[in-house]
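Please read them alongside the sequence and the structure.

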Amino acid sequence: MQQDWIWGLIGGLMIGGAGALFLLLNGRIMGASGIIGGLADGSGRGNWAERVAFLAGLVLVPPLLAGLVDEIDTHLTDNLWLLVAAGLLVGFGTRLANGCTSGHGVCGISRLSWRGIAATLVYLLAGGLTVAAFRYLMGAI
């Protein structure tokens with residue numbers, strides 16, 4: 001049996017733990033898009049240091065942890081334009097949904113928020129359809 005599933009479990013536990021810690025320490029729901037958005041539009045000036053620290057953790061922790069394991073195969077494509085398109089679509093969807101997977105999926109569902117549950121179902125369905133379209137119709141993945 002392959003052990004790749006353990007990395008998904010560890011990642012889920014890490015983001016869930018980060019969401020719980022953020023709520024306990026700040027009294028606010030953790031949503032990465034809201035944290036970034038507050039820096040981008042200036043509405044987060046009052047707590048910019050914690051926003052920057054959170055984003056630094058998102059960027060710096062994975063490379064630090066990567067040194068602890070021999071090899072992780074992400075199955076990531078080498079097609080730069082596909083990655084850019086994916087990033088832009090994720091950013092657009094995040095703004096459209098007024099939140100991201102950490103806000104709606106992790107924190108929203110754990111609070112039994114109907115809006116979070118609905119958003120999570122919609123983005124999972126959209127992601128599945130997108131992967132199917134790119135893989136089977138376009139042969140890109």
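1. Gly 127 is a residue of helix 6, which covers residues 114-137; helices here are DSSP runs (H or I, at least four residues), numbered from the N terminus. The residue is partly exposed at a relative accessible area of 33%, where buried means under 20%, exposed over 50% and partly exposed in between, with a 1.4 Å probe and protein chains only. Its C-alpha lies 9.6 Å from that of Val 90, at a sequence separation of 37 residues.

2. On the basis of the note: this is a predicted model, in which local features need pLDDT of at least 70 and side-chain atom pairs pLDDT 80 or more, while totals for chains, interfaces and linings use all residues. Residues are numbered from 1 along each chain as its sequence is written, and side-chain values use heavy atoms, with hydrogens and water left out.

3. Helix 1 comprises 22 residues, 5-26, and spans 31 Å between its first and last C-alpha, close to the expected 32 Å; that expectation is 1.5 Å times one less than the number of residues. Just after helix 1, Gly 27 adopts a positive phi of about 75°.

4. The model holds one aromatic pair, counted when ring centres of Phe, Tyr or Trp (its six-membered ring) lie within 6.5 Å; planes under 30 degrees apart are stacked, over 60 edge-to-face and the rest tilted. The partners are Phe 22 and Phe 54, edge-to-face at 5.8 Å centre to centre and 65° between the planes. Phe 22 belongs to helix 1 and Phe 54 to helix 3 (residues 48-66), so the pair ties together parts 32 residues apart in sequence.

5. Phe 22 is buried at 11% relative accessibility, and Phe 54 is buried at 16%.

Conventions
Helices (H or I, at least four residues) and strands (E, at least two) are DSSP runs, numbered from the N terminus.
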